[in-house]
Amino acid sequence: MMRYLVKRLLYAVPILLGVNLLTFALFFVVNTPDDMARLQLGTKRVTPEAIARWKAEHGYDEPLFYNPKAAGVDKITDTLFARKSAAMFVFDFGRSDDGRDIGREIRTRMWPSLAIAVPVFVIGLAANISFALLMIFFRGTYLDWAGLALCILLMSISGLFYIIAGQFFIAKLWHLLPISGYSGGIHALRFILLPVLVSLAAGLGSGARWYRTLFQEEVGKDYVRTARAKGLSEVRVLFGHVLRNGLIPILTGAVAVLPLLFLGSLLTESFFGIPGLGSYTVDAIRAQDFAVVRAMVFLGSLLYIVGLMLTDISYALADPRVRLG
Amino acid sequence: MSLPFRPVVLWTDALLFVLLTVLAALAFWTARNPQWRRPWARVGQSPLAVVCLGVLGAYALIAVLDSLHYCPRLPQAVPGQPAQYSDTVRSVFDALTPDLWRVQEETYSAPLAAHLFVRQPQTLPDGQVVRVYPRLRIAAGSAPPGQRWGDIARRTLSGAAAGLAVGALCVGLLAWRCGRVRGARAWLAAAACGQAGWPVRTLAATLAVMFVLVGVIAALAPAYHVLGTDKVGQDVLYLTLKSIRTGLLIGTLTTLVTLPLAVLLGIAAGYFGGWVDDAIQYVYTVLNSIPAVLLIAAAVLMAQVYIETHVRMFDTNAARADFRLLFLCLILGMTSWTTLARLLRGETLKIRALEYIEAARAFGVGHGRILLRHVLPNVFHIVLISTVMDFSGLVLAEAVLSYVGVGVDPLTYSWGNMINAARLELAREPVVWWQLVAAFVFMSTLVLAANLLADVVREAFDPRRGGA
């Protein structure tokens, strides 16, 4: 197990390096820092001095990979790649365009993101599984068919619709909950309730449909027929046998997205004014703050890779047939 | 003698027609191949699929009509001079629906309204300024305000009747053609009893509904804005119909990027194994590990910088918006090929170990031929299913990306842009709802039809489900 983990960790390094090189190419090679400066300074007639000043202020006034002017090791480290990209490996994300430390910003903003994402994840998983099991219980009947139709209908509606409709009806028309905003402590509950409800509704269709497919495959297997032949009731078959075996792919799949919960949801957070990482990212994209976007790309891929490793481990833990080596 | 118009071929138009040609070739090949004809026949037998195909066909027709672009000729000041062409790019769809865009209002107006939604200052003959709801420009020649609902009802009924008549004519022609002239009577009788072998009645009903809708809209459009107008007074129905092209292009052109990458790399990784497999797996793990929205955002931001710094490359706004749309398809394709490639790699790994591949190899068949004749046809159902299933996701993604600010150009007609513009107006009192509702209804109809069709296609093609 230990050996496997070390191997996976070592395997993650080239992938992160690849991500790093790719984003570096996108942000610095395809378009030079000069282009970026021109975009930020806005006007068509910018002087070369203004561009040089902007680059110096934001630390973009260095060569890409190799600095012949510097001495010794600085030939490599006094470059854009070392300063802006490779530095992320030690979680040095630099500063955003408005001068704030991105690393600190990430640490404070991840809590509101988690406050929304964790309830959505846990309740969503339970709701989707229950709905899927209900459909499986009534499989082959009109109820199953109607449930499936409802799922397809729900997943055909844009996520934007759930958010806008939720804000309009629940908050604006019926005044049940605040439209948007956030506050710390116990008062946060009032603000996170609506985003959580909306996200649950938006995710129910595709989630329940996917789990129904998994359970349906499971129901057709021999051990289920055996269980029924033993005379077990349908409820016991479903909960004692089908659910337990079907949970293996569901839980291992869920583990993969667990680390990504930190990033929050772009849409929900920015619509509801939650000061989390999702809205941070959207704001950065809109303000064309490349330093923040680069940091979020790196963080996102790091968390994705952690998720992949967690999946492998949870497979080995949940399914005795799987051995890691 | 000069043409009354100058044809304009945008990049996306050209690629759309390439795609249609490929589809036609594929259809021809499928029709000759019994192995593929059978699952398609199963799809055709499902009434649900027939309805979905009808809806998708209508959307596709509008998109294709909207992709034939031209610049109209300007009226000549002096006869005999060389013809001058306008800078505005129009499409055949615009030419067919002049009622929808000729008359532009001042600002918002509700669906089927006779007056503007907001009060405007108006000077009375005695010099006094009052704030009134002005009458809409489009309603100028129509019924006086008191008889509005009567007029609407009359137009609706006559439009529906006309639509039904034209529809009946078309269905009659279709039946006549399908019945091959001589057996037409017997065939019609069989079809009416639901014994034609495929759901003719369902198709006829779908077409009838569509013809009635078109008829009603055509009858109402000269005097009313059927779905109201937006902030700058454009007809919302026109906006949402124009958005169809953008939505469909994003859903389909993306596959032009996805399929070659996914098929080539996925099959190569599974078939050759070794370092080829390692390299390809590395590439798609890297791409996959970057959150899709962020990768798209990064690429689109870069494209924006590119457009800003190369302004001279794009002579019209349409060309600029078109480049951005094309780029969006490209980058969406780059982020979405990995899933399909992984599926294909897995399936190819399984197929590679089968006896018939070994036999082919023993006979000395080359790699290229084995891949083309023995592997590709056996993974083709995966390609088809995943393409159909991805379509709806891509249409939905457009709206989200437009909200984040990395979607299509703000000048492009798209559902995302419509929703974005209308979202803030919900705070208004009374509420301006028609723009949002129109965009959501048209988008959801397309996505729902695509999702339902995808379900039927998967059911028919997936060998594990006892299909093909």
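**Entry 1: cavities**

I searched the whole structure and found two cavities of 30 Å³ or more. A cavity is a set of points, on a 1 Å grid over the protein atoms alone, where a 1.4 Å probe fits but cannot get out, and lining residues have an atom within 4 Å of a point. Grid points are joined across faces, edges and corners, and a volume is the space filled by probe spheres set on the points.

I noted that the model is predicted, that local features need pLDDT of at least 70, that side-chain atom pairs count only at pLDDT 80 or more, and that totals for chains, interfaces and linings use all residues. Residues are numbered from 1 along each chain as its sequence is written, chains are lettered from A and ligands numbered from 1 in the order in which they are written, and side-chain values use heavy atoms, with hydrogens and water left out.

The largest cavity has a volume of about 50 Å³. I listed its lining as T254(B), T255(B), T258(B), L259(B), S336(B), L340(B), S386(B), T387(B), D390(B) and L394(B). In chain B, α9 (236-272), α12 (317-352) and α14 (367-404) are the elements that each give two or more residues to this lining. Helices are DSSP runs (H or I, at least four residues) numbered from the N terminus. I sorted the lining into three nonpolar, six polar and one charged residues. Here Ala, Val, Leu, Ile, Met, Phe, Trp, Tyr, Cys and Pro count as nonpolar, Asp, Glu, Lys and Arg as charged, and the others, Gly among them, as polar.

**Entry 2: α11(A) and α14(A)**

I then turned to chain A, where the axes of α11 (residues 234-257) and α14 (residues 290-318) come within 7 Å and cross at roughly 155 degrees. Axes are lines fitted to C-alpha atoms, for helices over the stretch in contact, and angles run from 0 to 180 degrees between N-to-C directions. α11(A) and α14(A) are therefore roughly antiparallel, a term for angles over 145 degrees. I recorded that I248(A), T252(A), V255(A) and A256(A) of α11(A) make the contact (heavy atoms within 4.5 Å) with G307(A), L310(A), T311(A), S314(A), Y315(A) and A318(A) of α14(A). The residues of this contact divide into six nonpolar, four polar and no charged.

**Entry 3: α6(A) and α11(A)**

Which residues of α6(A) meet α11(A)? I found F121(A), L125(A), I129(A), L133(A), I136(A) and F137(A). By class, the contact has 15 nonpolar, no polar and one charged residues.

How values were computed: 1 Å grid on protein atoms, 1.4 Å probe; cavity = no way out; pocket = protein on both sides within 12 Å on 5 of 7 lines; lining within 4 Å. Parallel < 35°, antiparallel > 145°, perpendicular 65-115°, else oblique.
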